[in-house]
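Subject: A structure for you to explore

Hi there,

Here is the structure I promised to pass on to you. Please open it next to this email, and then read on for what I found in it.

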Amino acid sequence: MNSDIEKVLVSEKEIDETIQRLGKELTQEYRDKNPLFVCVLRGAAMFMMDLVKSLDFKMEYDFMDVSSYGGENTITTGDVRIIKDLDTPVRDRDVVIVEDIIDTGYTLDRLVELFESRHAKSIKMVSFLDKPARRVKHVDVDYIGVKIPDEFVVGYGMDYDEHYRNLPYVGVLKPEVYTTK
Ligand SMILES: O=P(O)(O)OC[C@H]1O[C@H](OP(=O)(O)OP(=O)(O)O)[C@H](O)[C@@H]1O
Ligand code: HPA
């Protein structure tokens with residue numbers, strides 16, 4: 001295990017099992033709809049790539065980069081900025097927004113509003129992690145991987161100051177990692 005990690009919250013095995021379950025649920029709903037899966041960069045990239053491999057039906061995917069957390073800051077501002085937009089039109093498409101984590105809800109709330117204004121046919125959300133204790137915006141996430149307690153997590157795509165995204169599990173950092181930076 002990485003020496004900066006205090007504890008593992010979601011193991012590689014649990015990640016695999018969660019992906020398989022979500023893949024089955026999404027297949028039930030989308031197998032005949034040619035949906036557009038929208039990956040919210042950068043955190044959701046690893047989850048998205050595993051998730052789409054568990055889907056055996058016609059679909060497309062695209063990427064969008066939005067950000068509300070900057071640098072070493074672990075507090076969201078609620079100001080969600082679009083850094084890279086989609087290349088694919090969403091009008092009349094069944095859109096599935098793919099997130100690594102829903103925390104305050106600002107990001108997903110803003111994206112739903114955006115895709116509604118672009119006349120998507122339907123909009124659903126899948127988030128690998130859900131941290132309900134921190135919700136500010138009420139958002140109904142349709143597919144949730146794992147609910148976690150109110151702790152700042154890293155790994156499986158998620159970062160602290162751009163590091164730890166490559167860890168194959170989700171963990172919590174040792175407190176001294178923050179204090180010695
Ligand atoms: O529910 P919220 O409070 O809005 O938090 C969730 C968002 O925060 C993180 O993104 P971040 O802005 O850190 O960018 P990143 O994906 O590039 O790490 C995460 O990937 C989600 O997109
Ligand atoms: O706990 C978290 N870790 C990393 N990125 C995040 N973005 C929102 N919450 C988190």
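Let's begin with confidence, since this is a predicted model. The mean pLDDT of the protein is 92, and 93% of the residues score at least 70. For the complex, the predictor reports an ipTM of 0.97 and a pTM of 0.93.

**The overall picture**

The protein contains 4 helices and 9 strands. Along the principal axes, the C-alpha atoms fill a box of roughly 50 × 35 × 25 Å. How does the radius of gyration fit a compact globule? For 181 residues such a globule would have a value near 16 Å, and the protein has 16 Å, so the two agree.

Buried residues account for 30% of the 181 residues. Among contacts with a separation of 6 or more, 68% are between residues 24 or more positions apart.

**A sheet of 3 strands**

One open sheet has 3 strands in the order β1-β9-β8, with antiparallel pairing. Its edge strands are β1 (5-10) and β8 (153-154), each of which pairs on one side only. As background, strands of a sheet pair through backbone hydrogen bonds, either parallel or antiparallel. In this sheet, β1 and β9 (residues 170-173) pair in the antiparallel sense over 4 bridges. To see this pairing on screen, find I5, which stands opposite L173 in β9.

**A helix with buried residues**

Next, have a look at helix α2 (residues 45-53), where M46, F47, M48 and L51 are buried. What do the buried residues of α2 pack against? Their partners are α1, β2, β5 (94-102) and β6 (122-130). A handy rule for looking at this: an α-helix has 3.6 residues a turn, so residues three or four places apart point the same way.

- L41 is in strand β2. It is partly exposed, because 16 other C-beta atoms lie within 10 Å. Leaving out residues up to four places away in sequence, L41 touches F63, M64, D65 and K84. L41 and M158 are 117 residues apart along the chain, and their C-alpha atoms are separated by 10 Å.
- K33 sits in the loop between α1 (12-30) and β2 (36-41). Is K33 buried or partly exposed? K33 counts as partly exposed because it has 15 C-beta neighbours inside 10 Å. From K33 to V95 there are 62 residues in sequence and 9.9 Å in space, C-alpha to C-alpha.
- P132 belongs to the loop between β6 and β7 (143-147). With 14 C-beta neighbours inside 10 Å, P132 therefore counts as partly exposed. P132 and R91 are 41 residues apart in sequence, and 31 Å apart in space, C-alpha to C-alpha.

**Around ligand 2**

Finally, zoom in on ligand 2, which is surrounded by 8 residues. The closest are I101, D103, F152, V153 and M158. Which classes make up this shell around ligand 2? It has 6 nonpolar and 2 charged residues, and no polar ones.

Best wishes

Key. Residues numbered from 1 in each chain as written. Chains lettered and ligands numbered in written order. Predicted model: local features only at pLDDT ≥ 70, side-chain atom pairs only at ≥ 80, totals over all residues. Near = placed C-beta within 6 Å. Nonpolar A, V, L, I, M, F, W, Y, C, P; charged D, E, K, R; others polar. Helix = DSSP H or I, 4+ residues; strand = E, 2+ residues; numbered from the N terminus. Rg over C-alpha atoms; globule rule 2.2 N^0.38 Å. Buried ≥ 20, exposed ≤ 12 C-beta atoms within 10 Å, placed from the backbone. Contact = placed C-beta atoms within 7 Å. Pairing = 2+ DSSP bridges. pLDDT = per-residue confidence, 0-100.
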